[in-house]
Amino acid sequence: MEWIEVAKTIAELGIMIVCSALVVTIFWLNYKRGNNKDDKKDDEIDDIMNKIQEQNDMLVNQIIKGVTGHTLSSEENTVLTQVELQINDCLKRVQQKTNASRVSLVRYHNGNKGMDGLSFLKMSMTNECVKIGIQPIMQEFQNYFRSFLPYWIHQLDQTGKCYIDDIEDIKDIDTNSYEYLKTRGVQAKYGISVKNKEGYPIGFICIEYLDKKDVDKEQVEKCLIDKQIKIGTLLDLKY
């Protein structure tokens with residue numbers, strides 16, 4: 001869905017330009033007002049400011065409509081919000097049942113293009129649930145290249161899952177992943193691929209432990225398989 005990413009970027013730039021122009025214009029008009037005590041002039045300036053605001057609102061709506069094809073209705077917005085809430089609820093239940101340090105959903109997406117014109121394959125954490133006392137990382141884990149975790153992604157692509165009972169097991173296989181996990185204090189990591197209705201991988205559910213002694217592997221696997229289907233279905237509703 002590369003065109004969607006391009007459209008979103010254009011929309012963001014367009015909105016920023018419009019808003020910036022509005023701010024500058026309003027600042028200038030306020031400055032003029034401060035130097036002009038004429039009530040009639042004040043009314044004229046108010047009228048101009050209102051018209052500028054109306055034009056700005058209309059242009060922003062046009063930009064958004066051009067990107068999505070239509071403006072989201074309140075019903076659609078409610079559905080999308082409910083989907084995210086249900087995903088968060090799924091992750092919370094997994095965290096409680098597995099006593100994991102962190103449970104998260106990472107989704108795949110395209111990034112910028114290389115000189116060959118091909119889009120970079122990236123991933124971002126969109127949902128996260130952590131145990132009390134554990135630092136969330138969702139805000140940091142955004143727009144990562146999928147090649148950042150080569151062993152992890154390869155296992156997910158090939159087998160649909162990746163179970164790391166002890167990060168020391170991958171020390172010689174994937175040094176980058178090992179160091180990344182070790183730096184964050186992760187001792188064990190488990191994940192399962194999430195697919196859309198066409199069977200195409202769109203992300204993965206991940207369970208992490210800062211203490212591998214807390215792992216109940218049977219419970220972990222049971223929860224991953226269960227939520228793989230539920231979250232995949234929810235994402236199909238959203239997209």
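In helix 3, the buried positions are Val-83, Glu-84, Ile-87, Cys-90, Leu-91, Val-94, Gln-95 and Thr-98. The model is predicted. An α-helix has 3.6 residues a turn, so residues three or four places apart point the same way. Helix 3 covers residues 74-98, and its 25 residues should span 36 Å at 1.5 Å a residue; the end C-alpha atoms lie 36 Å apart, in agreement with that value. Just after helix 3, Asn-99 adopts a positive phi of about 55°.

The side chains of Arg-93 and Asp-89 meet at 2.9 Å, N to O. These two residues are four apart in the helix, so about one helical turn separates them. Both ends of the pair are partly exposed: Arg-93 has a relative accessible area of 42%, and Asp-89 one of 34%.

In total, twelve salt bridges were counted. The one between Glu-221 and Lys-161 has an N to O distance of 3.7 Å. This pair links distant parts of the chain, with Glu-221 in helix 6 (residues 217-238) and Lys-161 in strand 4 (residues 161-164), 60 residues apart. Glu-221 is partly exposed at 29% relative accessible area, and Lys-161 is partly exposed at 34%. Lys-212 forms a salt bridge with Asp-166, in which the closest N and O atoms are 2.6 Å apart. Lys-212 is partly exposed, with 39% relative accessibility.

A network of salt bridges links Arg-102, Glu-128, Arg-184, Lys-189 and Glu-208. Glu-208 is in strand 6 (residues 201-209). Its relative accessible area is 3%, so Glu-208 counts as buried. Beyond its neighbours within four places in sequence, Glu-208 contacts Ala-100, Ser-101, Arg-102, Leu-181, Arg-184, Val-186, Ala-188 and Lys-189.

Tyr-151 lies in helix 4 (residues 150-159). With neighbours within four places in sequence set aside, Tyr-151 is in contact with Cys-162, Ile-164, Ile-170, Ile-173 and Asp-174. The C-alpha atoms of Tyr-151 and Ile-170 are separated by 8.3 Å, and the two residues are 19 apart along the chain.

Overall, the protein has six helices and six strands, in the order α-α-α-β-β-β-α-β-α-β-β-α from the N terminus. Of its 239 residues, 36% are buried. Among contacts between residues at least 6 apart in sequence, 57% join residues at least 24 apart.

Note on methods
Residues numbered from 1 in each chain as written. Predicted model: local features only at pLDDT ≥ 70, side-chain atom pairs only at ≥ 80, totals over all residues. Heavy atoms only, no water. Contact = heavy atoms within 4.5 Å. Buried < 20%, exposed > 50% of the residue type's maximum accessible area, 1.4 Å probe, protein only. Expected span 1.5 Å × (residues − 1). Salt bridge = Lys/Arg side-chain N within 4 Å of Asp/Glu carboxyl O.
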